[in-house]
Amino acid sequence: LTGSELIGAQLPDAPDGIDQIGKIGKITGYERGVDILLGYQWVTERWSLMGFLGAAYLHDSLSYPDPTNKVQGTAWGFKTVWELDAHPTDQTMFYTYASFTTAFDTAHIDMRPGYLLFNNVAIGDHLSVGKIYLGPQGVFSSDIHDRVWKVGAHLTLDEIGPLQVTLASGYVHDRFLGPGAYFMLDTSVRF
């Protein structure tokens with residue numbers, strides 16, 4: 001069911017009141033989690049690959065009970081995370097992040113190839129950006145209840161000292177909420 005289909009819908013085996021979901025209003029979800037992971041990083045001149053294994057704890061709650069949403073309560077599970085940051089040529093980059101946990105069968109994949117637009121850009125007297133890349137972005141996230149995919153473009157500012165900043169925007173489709181737009185700001189520090 002999409003959000004518009006839920007307005008006034010009769011849900012099977014629903015507790016009192018949920019059959020009048022159109023009167024409830026906005027339902028908000030909250031997620032808290034902790035991961036304990038051990039891993040290793042392999043580094044060469046052109047790429048870096050990190051892999052982690054461990055345990056995940058997730059606690060999800062809703063502002064109003066939803067008997068159709070299986071992602072509620074607390075779950076423990078195995079978790080794995082992989083991250084590849086590569087520069088196959090002097091003008092290209094490829095970044096990917098993938099994670100999966102058996103806690104609510106939660107998965108996330110983010111892929112960003114890019115092409116070098118500018119190299120060694122000075123911003124004023126005290127700030128410089130080593131490399132600026134532009135390219136497409138594809139993201140897929142899922143759990144036992146929902147699936148979300150995103151297609152857009154990213155602008156990655158690499159080598160601002162140890163800082164890396166990515167801005168991305170594009171089209172998003174959520175299984176329940178339908179289509180829309182997304183904006184992302186991602187920062188990381190290398191040490």
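Is Y171 buried, exposed or partly exposed? Y171 is partly exposed, with a relative accessible area of 35%. Buried here means under 20% relative accessible area, exposed over 50%, and partly exposed in between (1.4 Å probe, protein chains only).

The model is predicted; local features need pLDDT of at least 70, side-chain atom pairs count only at pLDDT 80 or more, and totals for chains, interfaces and linings use all residues. Residues are numbered from 1 along each chain as its sequence is written, and side-chain values use heavy atoms, with hydrogens and water left out.

Helices (H or I, at least four residues) and strands (E, at least two) are DSSP runs, numbered from the N terminus. The chain has 191 residues, and 31% of them are buried. Among contacts with a separation of 6 or more, 45% join residues 24 or more positions apart. A contact means heavy atoms within 4.5 Å.

Three aromatic pairs are present. Y57 and W76 form a tilted one, at 5.0 Å centre to centre and 55° between the planes. This pair links strand β2 (residues 47–62), which holds Y57, to strand β3 (residues 73–86), which holds W76; the two residues are 19 apart. Y57 is partly exposed at 26% relative accessibility, whereas W76 is exposed at 63%. W149 and Y171 also form a tilted pair, with 5.5 Å between centres and 50° between planes. W149 lies in strand β7 (residues 147–160) and Y171 in strand β8 (residues 163–174), so the pair ties together parts 22 residues apart in sequence. W149 is partly exposed, at 36%. Rings of Phe, Tyr and Trp (its six-membered ring) pair if their centres lie within 6.5 Å; planes under 30 degrees apart count as stacked, over 60 as edge-to-face and the rest as tilted.

The charged end of K150 sits over the ring of Y182, 5.3 Å from its centre. The criterion is NZ of Lys or CZ of Arg within 6 Å of the ring centre and within 35 degrees of the ring normal.
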